[in-house]
Amino acid sequence: MRILLYRADGNTAPWIKDFADFMPEAEVVVWREGADLPPCDYAVLWTPPQAMLADLARVKAIFLTGAGADAIMKYSHAIPPHIPIVRLNDAGMGIQMAEYVTHSVLRYFRRLDEYEAQARAGAWLQLEARDKADFPIGVMGVGALGSHVIEALKPFGFPLRAWSRSPKSLTGVESFHGSEGLDGFLGSSRVVVCMLPLTEETVHILNRTNMMKMPQGSYIVNVGRGAHISEPDLLPLIKAGHIAGATLDVFRSEPLPAQHPFWQEPRITITPHISALTLRRESVGQMVGKMRQHARGEEVADVINRTKGY
Ligand code: NDP
């Protein structure tokens with residue numbers, strides 16, 4: 001078996017080592033533009049360069065080193081539909097998301113963002129305690145990662161809401177779905193956590209109109225993709241106090257440009273796309289398991305539905 005590997009950062013050695021550990025019988029071929037490549041069975045990559053598309057059209061399946069498919073969907077026209085594009089399912093990202101989101105939610109609920117600002121100003125002042133009943137947490141997208149986050153939040157006793165594409169029945173969670181469920185979801189969530197895939201339907205889902213449906217003084221945590229938020233709409237809503245704070249891990253343009261106004265807004269907390277990092281060994285282990293299934297002619301899970309876009 002031959003695996004075609006592409007890493008934009010060029011750091012292929014640790015991936016080759018992990019594939020050797022998990023699949024010693026496989027040969028890993030590093031993709032390089034213009035190189036004379038032998039025929040490969042599977043490709044492993046995140047965003048392919050344009051020049052790689054012809055080679056991708058010749059493999060049996062493509063394995064993404066991330067959970068989202070948006071990076072490759074823009075090239076999907078060049079990849080024949082019979083070639084499955086397989087994403088990572090959790091692979092150690094669920095627990096990281098749970099840590100990140102739980103931390104962000106508790107920071108707002110316990111007003112630690114305000115205490116941080118007070119401490120910088122040398123102010124000793126106890127703020128009023130909040131009531132959990134007034135602090136429902138709404139998770140947009142309750143797939144592999146969102147459902148992990150919901151479970152992590154349960155022990156704290158917040159009212160929980162979920163919004164998905166299809167109807168869900170989650171114990172202890174008020175579930176909403178589809179465009180008809182969006183207003184009810186947004187209107188009853190004090191913190192909105194975006195964990196959606198980026199698709200034609202979800203781009204700019206958090207625009208001014210939708211953010212205005214959230215209660216006054218709400219919070220946003222975005223760990224999905226930057227383009228889920230209409231960035232120019234967010235800042236005025238924060239300045240007006242309608243949105244009390246936002247924790248953003250993903251941005252329309254990454255790295256976030258130095259002149260971007262978000263850097264200057266203390267109520268926006270910025271992290272550099274780290275809420276759930278790809279853990280290489282977990283990911284290689286999962287991909288190898290699926291490659292073996294595919295090679296045996298078995299059905300492989302987590303194939304991107306190209307019509308839905310995720
Ligand atoms: P899944 O595909 O498992 O789950 C996606 C969820 O979003 C599902 O519940 C799905 O609904 C819902 N959804 C999709 N489209 C819509 C829509 N139009 N309206 C309402 N709900 C919708 O994905 P994962 O949980 O594995 O990952 C989610 C996203 O997290 C990734 O696509 C990626 O963008 C982001 N991510 C970010 C990382 C980071 O470091 N910041 C790291 C990893 C992922 P349904 O259940 O009905 O299908």
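Me: Why is His273 called partly exposed?

Reply: In this predicted model, His273 has a relative accessible area of 32%. Buried requires under 20% and exposed requires over 50%, so a value of 32% makes His273 partly exposed. His273 is placed in the loop between β12 and α10.

Me: Where is Arg111, and is it buried or exposed?

Reply: Arg111 is in the loop between α4 (93-109) and α5. Its relative accessible area is 18%; the limit for buried is under 20%, and therefore Arg111 is buried.

Me: Which peptide bond is cis, and what is its omega?

Reply: The bond from Glu254 to Pro255 is cis, with omega near -5°. Most peptide bonds are trans. Pro255 belongs to the loop between β11 (243-248) and β12.

Me: Why does Ser275 count as buried?

Reply: Ser275 has 4% relative accessibility, and buried means under 20%, so the term applies. Ser275 is found in the loop between β12 (268-270) and α10.

Me: Which residues does Ser275 touch, apart from those up to four places away in sequence?

Reply: They are Gln96, Met97, Tyr100, Val223 and Asp249. Tyr100 is 175 residues from Ser275 along the chain, yet their C-alpha atoms are separated by 5.8 Å.

Me: What makes the link between the side chains of Ser275 and Asp249 a polar contact?

Reply: The distance in this contact is 2.6 Å. The cut-off is 3.5 Å for a pair of N or O atoms, one able to donate a hydrogen and the other to accept it. The side chains of Ser275 and Asp249 are therefore joined by a polar contact.

Me: How do you know that Leu4 is buried?

Reply: Leu4 has 2% relative accessibility, which is to be set against the limit of under 20%; Leu4 therefore counts as buried. Leu4 is in strand β1. Beyond its neighbours within four places in sequence, its contacts include Val29, Trp31, Leu37, Tyr42 and Met52. Asp41, 37 residues from Leu4 in sequence, is 7.6 Å away, C-alpha to C-alpha.

Me: Why are the buried residues of α1 said to lie on the same side of the helix?

Reply: The buried residues of helix α1 (residues 13-22) are Trp15, Asp18 and Phe19. They cover an arc of only 100° around the axis, and therefore lie on the same side of α1. Among the elements covering them are β1 (2-5), β2 (27-30), β3 (42-45) and α10 (280-295).

Me: How many aromatic pairs are there?

Reply: The count comes to 10 aromatic pairs. One of them joins Tyr42 and Phe63, at 5.7 Å centre to centre and 85° between the planes. Centres must lie within 6.5 Å, and planes over 60 degrees apart count as edge-to-face, so this pair is edge-to-face. Tyr42 is in strand β3 and Phe63 in strand β4 (residues 61-64), 21 residues apart. Both residues are buried.

Me: Why is the pair of Phe135 and Tyr219 called tilted?

Reply: The planes of Phe135 and Tyr219 are 45° apart, and the centres are separated by 6.0 Å. Stacked requires under 30 degrees and edge-to-face over 60, so an angle of 45° makes the pair tilted. Phe135 lies in the loop between α5 (112-120) and β6 (137-140), and Tyr219 in strand β10 (residues 218-222); the pair therefore ties together parts 84 residues apart in sequence. Phe135 and Tyr219 are both buried.

Me: Which residues are closest to the ligand?

Reply: The closest are Arg87, Ser166, Lys168, Glu201 and Tyr310, among 30 residues that surround the ligand. A polar side-chain atom of Tyr310 is 2.6 Å from a ligand oxygen atom.

Definitions and conventions
Residues are numbered from 1 along each chain as its sequence is written. This is a predicted model: local features need pLDDT of at least 70, side-chain atom pairs count only at pLDDT 80 or more; totals for chains, interfaces and linings use all residues. Side-chain values use heavy atoms; hydrogens and water are left out. Buried means under 20% relative accessible area, exposed over 50%, partly exposed in between (1.4 Å probe, protein chains only). Helices (H or I, at least four residues) and strands (E, at least two) are DSSP runs, numbered from the N terminus. The arc is that of the directions from the helix axis to the C-beta atoms. Contact means heavy atoms within 4.5 Å. A residue is near a molecule or strand if one of its heavy atoms lies within 4 Å of it.
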